[in-house]
Amino acid sequence: MRWALLTIGAFLFAGCTASAEQSASRQAEADRDLAKAIGDRTAGKPTDCINSSTNNDGPQIIDHKTVIYRQGQRVWVNTLEAECPSLEPFNTMIVELHGSQICRNDQFRILEPGSSIPSAYCRFGKFTPYSKPKN
């Protein structure tokens, strides 16, 4: 009996270690994706809203708390108000627009591939612009 408990404990510990390693690997990949998207741009003053009609690209999901919008040479990085567990690359964001802007505290939901039921609501945070340096 004691041996069985030790074996189960070892498997649980191994599962936690693997999970921690996977989480660290995902975070490292998210950090690389964010650095690649920003490139040599410099951060500007965060703002509450961005114009939704000039988005050339749809949102790029970086991780559970970060979304990128591109407008020409400018990249807008949104750090969500709280973590959104369903927010993962290759999922679809369903953004509820109220006018022509996407603003802080606006809500969105996530639709996972193959699913027809969207996630719970998540909220945008402030948008930080990243622009190319002027020569």
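Which residues form one aromatic cluster? Tyr69, Phe108, Phe124 and Phe127 do. The structure is a predicted model, for which local features require pLDDT of at least 70 and side-chain atom pairs count only at pLDDT 80 or more, while totals for chains, interfaces and linings use all residues. Residues are numbered from 1 along each chain as its sequence is written, and side-chain values use heavy atoms, with hydrogens and water left out.

The structure holds four aromatic pairs. Rings of Phe, Tyr and Trp (its six-membered ring) are taken to pair if their centres lie within 6.5 Å; planes under 30 degrees apart count as stacked, over 60 as edge-to-face and the rest as tilted. One of the pairs consists of tyrosine 69 and phenylalanine 124, with ring centres 6.4 Å apart and planes at 55°, so this pair is tilted. Tyrosine 69 belongs to strand β4 and phenylalanine 124 to the loop between β9 and β10 (127-131), so the contact ties together parts that are 55 residues apart in sequence. Strands (E, at least two residues) and helices (H or I, at least four) are DSSP runs, numbered from the N terminus. Phenylalanine 124 also forms a tilted pair with phenylalanine 108, at 4.8 Å centre to centre and 45° between the planes. Since phenylalanine 108 lies in strand β8 and phenylalanine 124 in the loop between β9 and β10, this pair ties together parts that are 16 residues apart in sequence.

Burial is assigned from relative accessible area: under 20% is buried, over 50% exposed, and anything in between partly exposed (1.4 Å probe, protein chains only). Tyrosine 69 is buried at 3% relative accessibility. Phenylalanine 124 is buried with a relative accessible area of 0%, and phenylalanine 108 is buried, with a value of 0%. A further ring contact involves a charge: the charged end of arginine 109 sits over the ring of tyrosine 121, 4.6 Å from its centre. The criterion is that NZ of Lys or CZ of Arg is within 6 Å of the ring centre and within 35 degrees of the ring normal.

Strand β4, which contains tyrosine 69, spans residues 66-71 and is mostly covered, five of its six residues being buried. Two strands are said to pair if DSSP finds at least two bridges between them. Strand β3 (residues 60-63) pairs with β4 in the antiparallel sense over three bridges, and a hairpin with two residues joins β3 to β4. Within this pairing, aspartate 63 stands opposite threonine 66 in β4. Strand β4 also runs antiparallel to strand β5 (residues 74-79), to which six bridges join it. Threonine 66 stands opposite threonine 79 in β5. The hairpin of β4 and β5 has two residues between the strands, and glycine 72 there takes a positive phi near 65°.

Three strands form an open antiparallel sheet in the order β6-β8-β9. Strands β6 and β9 stand at the edges with a single partner strand each, so one side of each is left without a neighbour in the sheet. Strand β8 (residues 107-111) and β9 are antiparallel and joined by two bridges; glutamine 107 has arginine 123 in β9 as its bridge partner.

Two disulfides are counted, a disulfide being a pair of cysteine sulfur atoms within 2.5 Å. In one of them, the sulfur atoms of cysteine 49 and cysteine 103 are 2.0 Å apart, and the link is right-handed with 110° about the S-S bond. Cysteine 49 lies in strand β2 (residues 49-51) and cysteine 103 in strand β7 (residues 101-103), so the bond ties together parts that are 54 residues apart in sequence. Cysteine 49 is partly exposed at 24% relative accessible area, whereas cysteine 103 is buried at 16%.

Cysteine 84 and cysteine 122 also form a disulfide, with sulfur atoms 1.9 Å apart. This link is right-handed, with 65° about the S-S bond. Cysteine 84 is in the loop between β5 and β6 (92-95) and cysteine 122 in strand β9 (residues 122-123), 38 residues apart. Both cysteine 84 and cysteine 122 are buried. With bonded cysteines counted along the chain, the disulfides follow the pattern 1-3, 2-4.

Most residues other than glycine have a negative phi. Phenylalanine 90, although not a glycine, has a positive phi of about 80°. Phenylalanine 90 lies in the loop between β5 and β6 and is exposed at 79% relative accessibility. Asparagine 105, likewise not a glycine, has a positive phi of about 75°. Asparagine 105 is placed in the loop between β7 and β8 and is partly exposed at 34% relative accessibility.
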